[in-house]
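Here's a quick briefing to read with the model open beside you. Take a look around first, then work through the points.

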Amino acid sequence: MKLFALLQGLRPEDQLGHHRAFEGLVVQGRLEDYRAVHYRTDGPPPKGHWPSLYAKVLNALGERPADILLLQYFHGDIDDPRPFIDEVRRLNAHTIVVVSCGDPFGRWFQRPPRSLVQAASVSDLTLLTSMGYMADILIGRGARNLVLMPNGLCQERFGGPLPERGSLDFDLVFIGSNNSGRNPFNPISCCGRKRREMIRVLEARYGKRFGLFGGGWDGHASWQGPIPFLEQINTARRSRIQIGGFPGSYAPYYTSNRFYTAMASGIPLLDFAVERVDRLAEPFVHWIPYGEIPSLVKAVDLALDRSSTELDEMGACARSYVLGRHTHVQRAEAMVGIAQGLVEARRRGHTLPPPKLRCFHENVDPELELPWAVRNWHG
């Protein structure tokens, strides 16, 4: 089985966890071949970028056909991919086209970008980090075979041995930027308002015990400045617990990759309880959910009342769980496995049953999650 991927970034290594995971599948013999090109540009795409890129990929596929074409996180300033996908199928009618979405989008404002909707409408498989209304929107535009594929941990950047903990500078930390948006109704603006209110309350209640990290928080007494992306785990380990903020979407299952990175730090995480995320990681075992601000304060107080041993045990359990089930390796294996099943079923003239997903914790019956996690399945 051969995979060709259009990866989001300025170079394939910008998607390092997925890139290395696909390379690993070649070494293991799960894939016969893997090739990747990046499709982002430094700034707005120059005139002719997309026709040139599509032609480059079609030429490569003409020389060495692929069984699976992945359009990774295909949302943004992207030319209509439907004519390109038609040409891919003219080259090889058996190629399975997979499109994935990694960001949160709204039901009414900041809806899924046109490029994602167009690609999903003609793809064989659509992988989503959230379901519910996100799936409804795409199904309404013709998408079939929609499958939950949550964000995950980059094992290359954050899966190595944990650094030693030095002095604990804080009881609780929050790592995240002060987001804003021009439209007060869109998810980014909503997320920003929720974050600012959360920071105001935590700062007032916990004072110097609270550490605030990220861009745009000038003027806040708790602000420790921005940190590099790769310093998330080191920063979390300066505290007893860490706080996650509203992730920008109410769509079921949605959580950003920060959810998994935070748990991989070995420091207990309190995070906003989006619907059905409790199926991806078990509450009060792998993480502590909260709702609105009053419930967050109560959850923080209860967590800080726990002994250091209890907190360490919870953090270690969460880290072990994430490394075992929620890295980009597991996501790559799942994606390739489903796509391979579609390739083989169609070559035999069969219909592939809905996939069995392994992204849920052990106390969840995957069969019972199918109505939410797999939508409009045609096989």
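Let's start with helix α12 (residues 328–348): it supplies seven residues, the largest share of the lining of the second largest pocket. Helices (H or I, at least four residues) and strands (E, at least two) are DSSP runs, numbered from the N terminus. Keep in mind that this is a predicted model, where local features need pLDDT of at least 70 and side-chain atom pairs count only at pLDDT 80 or more, while totals for chains, interfaces and linings use all residues. Residues are numbered from 1 along each chain as its sequence is written, and side-chain values use heavy atoms, with hydrogens and water left out.

- A pocket, on a 1 Å grid over the protein atoms alone, is an open set of points where a 1.4 Å probe fits, with protein on both sides within 12 Å along at least five of seven lines, and lining residues have an atom within 4 Å of a point.
- By class, that lining has nine nonpolar, three polar and five charged residues.
- The largest pocket has about 1100 Å³ of space, and of the 50 residues lining it, Asp-103, Tyr-254, Ser-256, Asn-257 and Arg-258 are the closest to its centre.
- Helix α9 gives five residues, the largest share of the lining of the largest pocket, and other elements that supply at least two include α1 (16–28), α7 (187–206) and β10.
- The lining of the largest pocket splits into 23 nonpolar, 21 polar and six charged residues.

**The five-stranded sheet**

- This open sheet has the order β8-β7-β9-β10-β11, with parallel pairing; β8 (210–213) and β11 (288–290) are the edge strands, each pairing on one side only.
- From one strand to the next, the twist averages 25 degrees.
- Strand β10 (residues 269–272) runs parallel to β11 and is joined to it by three bridges (strands pair if DSSP finds at least two bridges between them).
- Asp-271 has Pro-289 in β11 as its bridge partner.
- Helix α9 (residues 257–264) packs on this sheet, touching β7 (170–175), β9 (239–243) and β10, and its direction makes about 165 degrees with that of β10.
- Helix α10 (residues 293–304) lies across β7, β9, β10 and β11, at about 160 degrees to β9.
- Axes are lines fitted to C-alpha atoms, for helices over the stretch in contact, and angles run from 0 to 180 degrees between N-to-C directions.

**The seven-stranded sheet**

- A second open sheet goes β2-β1-β3-β4-β5-β6-β12, with mixed pairing, and its edge strands, β2 (33–38) and β12 (374–375), each pair on one side only.
- Strands β1 (residues 2–7) and β3 (residues 68–71) pair in the parallel sense over four bridges, with Leu-69 in β3 as the bridge partner of Phe-4.
- Helix α2 (residues 49–63) lies across β1 and β2, running at about 165 degrees to β2.
- Helix α3 (residues 82–91) lies across β3 and β4 (96–101), at about 165 degrees to β3.

**A closer look at Thr-235**

- Thr-235 sits in helix α8 and is buried, with a relative accessible area of 4% (buried means under 20%, exposed over 50%, partly exposed in between, with a 1.4 Å probe and protein chains only).
- Leaving aside neighbours within four places in sequence, Thr-235 is in contact (heavy atoms within 4.5 Å) with Ile-175, Phe-213 and Ile-227.

Key. Points joined across faces, edges and corners; volume = space filled by probe spheres on them. Nonpolar A, V, L, I, M, F, W, Y, C, P; charged D, E, K, R; others polar.
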